[in-house]
Amino acid sequence: MDRKEFFIDGSWAAPIDGDAHQVVEAATGRPLAEAAMAGTADIDAAVDAARRALTGPWGALGKAERAGLLEKFADELQARGRETAETVTRENGMPIRLSKSVNGFGPAFMMRYYAELICGLDLEEHRPGAAGRRNVVRREPVGVVAAVTPWNYPQPLAAMKLAPALAAGCTVVLKPAPETALDAYAFAEAAAAAGLPGGVVNVVPGGREAGAHLVAHPGVDKVAFTGSTAAGRAIGETCGRLLRPVTLELGGKSVSLVAEDADLDLFSAQLLNVSLPNNGQTCHAGTRILAPRARYDEVVEAITETVRGYRVGDPLDRDTQIGPMVSRAQQRRVLDYIEAGRASDARLTTGGGVPGDLAEGWFVEPTVFADVDNKDVIAREEIFGPVLAVIPYGTLDEAIEIANDSDYGLGGTVWTADEEKGIEIGRRIRTGTFGVNHYELDLNAPFGGVKGSGLGRELGPEGIDPYLVHKSLYLAAPAAP
Ligand code: NAD
């Protein structure tokens, strides 16, 4: 399983100045495999290859030919789907059921979606201009894309960048996170097997320094980043200085607003998907639960009983609902937040530590705090683990005020028997995405955040816009006859 080479210019390349990193299995804490980590010279080689490919055979292809290659790329990714899903589960602890859909099948779906989308786009439009003159308005690929991704949903988050970028005619340098360096090679193998020209997709896992070198590289034209708000700010500053377009998908602290007329059975059944997906290591997770005082005890009890019943354990087991944290450091971070919750006036109703029967690996018990104040640390900061904060509210106006009193704005849901009321609440919440009685990203709708949750959108038809730039050609008026 070791991955000691990078994928650059269509071939396997040994590190020039990089080194190696031990990827650890989240559920056992034991070494899984060794992966090469890029140094600056490795990143330079990948960017050079991507620049050459832009003007090579790839640049000469029309959109239909690119779409055809993307379909083949999708076939190859799909053929590797089961293995890729298992690799991610070993790396980051994601329950295998979820991993199969998001890591196993997600990337192929995205490739096919953008392959079809680009075929339907008019990339060169002839428009009349003033005084009898004419314009040709073109949409051209933005160029070399630096794609920097985190460990929590490594496959779909990379595909959300690769698919629209390739469809648009760009080339990509993908820098995955060290924790999930291994699964990223599915993109390399699939690109080679699908016959993508060398340099169109380059895969160079690496740490923070490699990422910082890549986003500031003079050979890069656009940066697409998913990760923490802190890293996003640093990258945004770099791109601001360089006047380089950047998309930032960052952290979140979303609400699940339980209205007085909510169906609590539906809400409880969806709690795992909406508030604790991937063991809580999900940017859009609705971890602040707003509960109406009129039904407060009932809501707290429903949440507590549901969370207490989750099956915690081996993420490769199909019945597991909550797996481990990605790393010891992440486990420590989550346990520290639980300590902060205990030190506040909040009331711990279930969980609160490491499961006694799971001494190996980086597990944390699914944990619920009730009576949380929206000013508490556990209500304001992204914990990125299986910890829920239940906050009471009086009126709906008050609930909306609490929802909007956050540094983030990425997801959110409302639970109500009245869909119209739910939509109206969605309109009033400052966020990039919002669900009424469910929450699931949709390929056909843009995803992204406001405030500390980021800039720009991925997915949907809008997701290709950052990879295309407009060019206007002004043509003189035809000469008088
Ligand atoms: P991270 O920001 O530490 O790292 C993300 C990636 O960026 C990694 O590949 C890392 O090596 C690289 N990186 C870190 N600092 C960098 C820098 N200064 N310059 C360039 N590259 C740098 O985040 P993480 O801990 O891996 O992931 C968890 C975070 O990601 C959470 O905050 C989560 O909310 C966020 N996230 C957001 C979304 C979204 O779509 N909004 C999706 C998933 C995760």
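**Entry 1. Shell around the ligand**

I looked up which element gives the most to the shell around the ligand, and found helix 8, with three residues. I note that the model is a predicted one.

I then sorted the shell by class. It holds 15 nonpolar residues, nine polar residues and four charged residues. From the 28 residues around the ligand I listed those that come nearest: Thr 149, Lys 175, Ser 228, Leu 250 and Glu 382.

**Entry 2. Polar pairs at the ligand**

I next checked how far the ligand is covered. Taken alone, the ligand exposes 840 Å², and the protein buries 90% of that area.

**Entry 3. The two domains**

I consulted the domain assignment, which gives domain 1 as 6–250 + 449–472 and domain 2 as 255–436. I then asked where the shell residues come from in these terms; domain 1 and domain 2 each contribute at least three residues to the shell around the ligand.

I computed the separation of the domain centres over C-alpha atoms, and the value is 31 Å. The contact between the domains takes 31 residues from domain 1 and 32 residues from domain 2. The area buried between domain 1 and domain 2 is about 2,500 Å². Carbon and sulfur atoms give 55% of this buried area.

**Entry 4. Asn 444**

I located Asn 444 in the loop between strand 19 (435–436) and strand 20 (450–451). Which residues does Asn 444 touch, not counting those up to four places away in sequence? I found Tyr 113, Gly 460 and Pro 461. With Tyr 113 there is a polar contact, made between the two side chains at 2.8 Å.

I also looked up the separation of Asn 444 from Phe 73. These residues are 371 residues apart along the chain, and their C-alpha atoms are separated by 20 Å.

Definitions and conventions:
Residues are numbered from 1 along each chain as its sequence is written. This is a predicted model: local features need pLDDT of at least 70, side-chain atom pairs count only at pLDDT 80 or more; totals for chains, interfaces and linings use all residues. Side-chain values use heavy atoms; hydrogens and water are left out. A residue is near a molecule or strand if one of its heavy atoms lies within 4 Å of it. Accessible areas come from the Shrake-Rupley method with a 1.4 Å probe; for residues, only the protein chains shown count as cover. Helices (H or I, at least four residues) and strands (E, at least two) are DSSP runs, numbered from the N terminus. Ala, Val, Leu, Ile, Met, Phe, Trp, Tyr, Cys and Pro count as nonpolar, Asp, Glu, Lys and Arg as charged, and the others, Gly among them, as polar. Domain bounds come from an automatic or database domain assignment. Contact means heavy atoms within 4.5 Å. Buried area is the accessible area (1.4 Å probe) that two parts lose on being put together, summed over both. A polar contact is a pair of N or O atoms within 3.5 Å; within protein, one must be able to donate a hydrogen and the other to accept it, and residues adjacent in sequence count only if both atoms are side-chain atoms.
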